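Please look through the structure shown below.

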Amino acid sequence: MAKIELKDIRKSFGAVEVIKGVSLDIRSGEFMVFVGPSGCGKSTLLRLISGLEDITAGEMSFDGQVVNALTPSKRGIAMVFQSYALYPHMTVYENMAFGLTLEKGKPKEEIKKRVHRAAEMLQISDYLDRLPKQLSGGQRQRVAIGRAITRDPRVFLFDEPLSNLDAALRVATRIEIAKLHESMRDTTMVYVTHDQVEAMTLADRICVLRDGLVEQVGTPMELYEKPDSMFVAGFIGSPKMNFISGKLAEGFNAPTVGVRGEHLVIKPSDGVWSGEVIHSENLGSDSYIYVNVGSEEPVVVREDGATKHAVGEHVEIAPIDGRVHRFDKAGKPIR
Amino acid sequence: MAWAYTKKAAFYLLVLVIVVVSVFPFYYAILTSFKSGTDLFRITYWPTSISFDNYLSVLNQGSFPRNVLNSIFVSTLVVVLALFLAVTASFALSRVRFRGRGLLLMTILAVSMFPQIAVLAGLFEVIRGLGIYNTPWALIFSYTIFTLPFTVWVLTTFMRDLPIEIEEAAIVDGATPWVIIRRVFMPLMWPALVTTGLLAFIAAWNEFLFALTFTSSNTTRTVPVAIALLSGGSQYEIPWGNIMAASVIVTVPLVALVLIFQRKIVSGLTAGGVKG
């Protein structure tokens, strides 16, 4: 249970400022996801919260208590690393119990109870005697999560925990993390990823970072429906939002308009834009049609089911009413 | 076909030559140590008679057993001390970021460039000044100085290759630097510790110059000096039999140690070179 407050947090490595003044409130028990392109400072921000990195300027508090000078264990955090970071010479049980054995005066019985409870939650009870090298990638990551649960942290930190797993396992583990959040409602979780799908599916709220600054904070749907900038609009949602500017956007009274592929329809006539189909991707459940309407990049249109439009065909497209995002010259929305 | 056999034959011939060249001196020492009287000066390549007289005489003679104990004491302590200092130093050198770290590492390496003889006089003064002349501590002190650069260098390289996340996970778990070294890093570093420890042990065990200079009485000498100073009945008699028996006695522990740890050494020497 911890409410995390960041007040104008800055971090420099030598002369390079990586975090340039981040103020953010993370609510108690919330699942907050930091997302952004590589180099935006999201991992650094997580490490600042963990205490592995010192804060250059600003103030961080957990439940009102300033934690700037506290070590990670004093802050009551647990962290899951991208590379699992298990102790290779210890069994799964020892890995999970290590943190507790360092606390003075912890009775062995209680340690055992807590390790077994965490192991059951993650279904790794059968592997407790094995060494990490005898486990698969997915099992290792579960042990790493289990090690964090055992410590019963106030704040649970994840640093891109799924990026070393293959696609199928990633989905399975993602669901498991979502379940974990359900069962640990009191624990504040902060999760770093560059994958916007993970962000959308896991988060209570998402914090989009760019160049060491917060771009926008909000629920997944807020970011999807009301992006505060062209950057957020382009980053959230897959495929990327289509941006059309210049003459082609004149009809909307804005320098640039953005429309998501799922909010465009192909019409037989009277479209807003028209052009030739240059490529189409067929996924079975839906398909993406790339249309060259004369903008810098082709416009992507999403259609249900398999597409009937062949490459080379001339099509007319139009946005669904009320689903057009208008942006001014600075990339800010016009509402 | 014939060519393949020739190649194979040539290969094993070469192996044979290498083995003979490296093993023969020791073999001849063993052979000689079993001889007695004038047999010593007759050249034979196979044992003709086996007598343990030389061993008995060297072990019952004066201070030799004491010298062996001195050697064991000095070498063991040098290893323990050097490894302790090197592990802690290399943790700092590989994991703690501080100004002048690279320079310090180069300086440590540079120390090992000085030949023993160049620092002998200065070191003698230091040892006199510390009041440990003619005690085992003089040798432990000087050997540790000469072992540390190598030990620190190897362990620093090895520790640098340990993943940083493991250390960070331990920090998050609430481990202090000492706990990280003892319970996380040391178990991962066994091959490197065994290798450097063994090399330090061998160096201390074989060392002659310092041992000759910093000790002066029979009871404080170590084995290499004691063997060199073994004397016979008169000035003109060199007790070859005793010398060879003593040499064999002091070689056996080294051979045993290397055999025990050989697997670890091999993995230790290659670890750090290639990742994985």
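What area is buried between domain 1 of chain A and domain 2 of chain A, and what share of it do carbon and sulfur atoms give? In this predicted model, the buried area is about 670 Å², and carbon and sulfur atoms account for 59% of it. On the domain 1 side, the residues that lose the most area to domain 2 of chain A are A:Tyr224, A:Met230 and A:Ala233, which together make up 76% of what that side buries. The assignment places domain 1 of chain A at residues 4-233 and domain 2 at residues 242-327. The contact between them involves seven residues of domain 1 and eight residues of domain 2. Two residue pairs, both at pLDDT 80 or more, are in polar contact between the two domains of chain A, while the number of salt bridges between them is zero.

Chain B is also assigned two domains, with domain 1 covering residues 1-51 and domain 2 covering residues 62-266. Their centres, again over C-alpha atoms, are separated by 32 Å. Seven residues from domain 1 of chain B and six residues from domain 2 of chain B take part in the contact. About 540 Å² is buried between these domains of chain B, and carbon and sulfur atoms give 89% of that area. In domain 1 of chain B, the greatest losses of area to domain 2 fall on B:Phe26, B:Ala29 and B:Ser33, together 59% of what that side buries. Across this interface of chain B there are zero salt bridges and zero residue pairs in polar contact, counting pairs with both residues at pLDDT 80 or more. The side of domain 1 that touches domain 2 of chain B consists of five nonpolar and two polar residues, with no charged residues.

The next interface is the one between the chains. Here 21 residues of chain A are in contact with 15 residues of chain B. Between them the two chains bury about 1600 Å², 67% of it on carbon and sulfur atoms. On the chain A side, A:Tyr87, A:His89 and A:Leu102 lose the most area to chain B, and together they contribute 30% of what that side buries. Two salt bridges are found across the interface of chain A and chain B. A salt bridge joins B:Glu168 to A:Arg47, with 2.6 Å between the closest N and O atoms. The interface of chain A and chain B also has six residue pairs in polar contact, both residues of each pair being at pLDDT 80 or more.

Over all chains, the structure has 22 aromatic pairs. In the pair of B:Phe52 and B:Tyr55, the ring centres are 6.1 Å apart and the planes meet at 55°, so the pair is classed as tilted. Elsewhere in the description of chain B, one aromatic cluster is formed by B:Phe124, B:Tyr133, B:Phe146, B:Phe210 and B:Phe214.

Methods:
Residues are numbered from 1 along each chain as its sequence is written. Chains are lettered from A and ligands numbered from 1 in the order in which they are written. This is a predicted model: local features need pLDDT of at least 70, side-chain atom pairs count only at pLDDT 80 or more; totals for chains, interfaces and linings use all residues. Side-chain values use heavy atoms; hydrogens and water are left out. Domain bounds come from an automatic or database domain assignment. Contact means heavy atoms within 4.5 Å. Buried area is the accessible area (1.4 Å probe) that two parts lose on being put together, summed over both. A salt bridge is a side-chain nitrogen of Lys or Arg within 4 Å of a carboxyl oxygen of Asp or Glu. A polar contact is a pair of N or O atoms within 3.5 Å; within protein, one must be able to donate a hydrogen and the other to accept it, and residues adjacent in sequence count only if both atoms are side-chain atoms. Ala, Val, Leu, Ile, Met, Phe, Trp, Tyr, Cys and Pro count as nonpolar, Asp, Glu, Lys and Arg as charged, and the others, Gly among them, as polar. Rings of Phe, Tyr and Trp (its six-membered ring) pair if their centres lie within 6.5 Å; planes under 30 degrees apart count as stacked, over 60 as edge-to-face and the rest as tilted.
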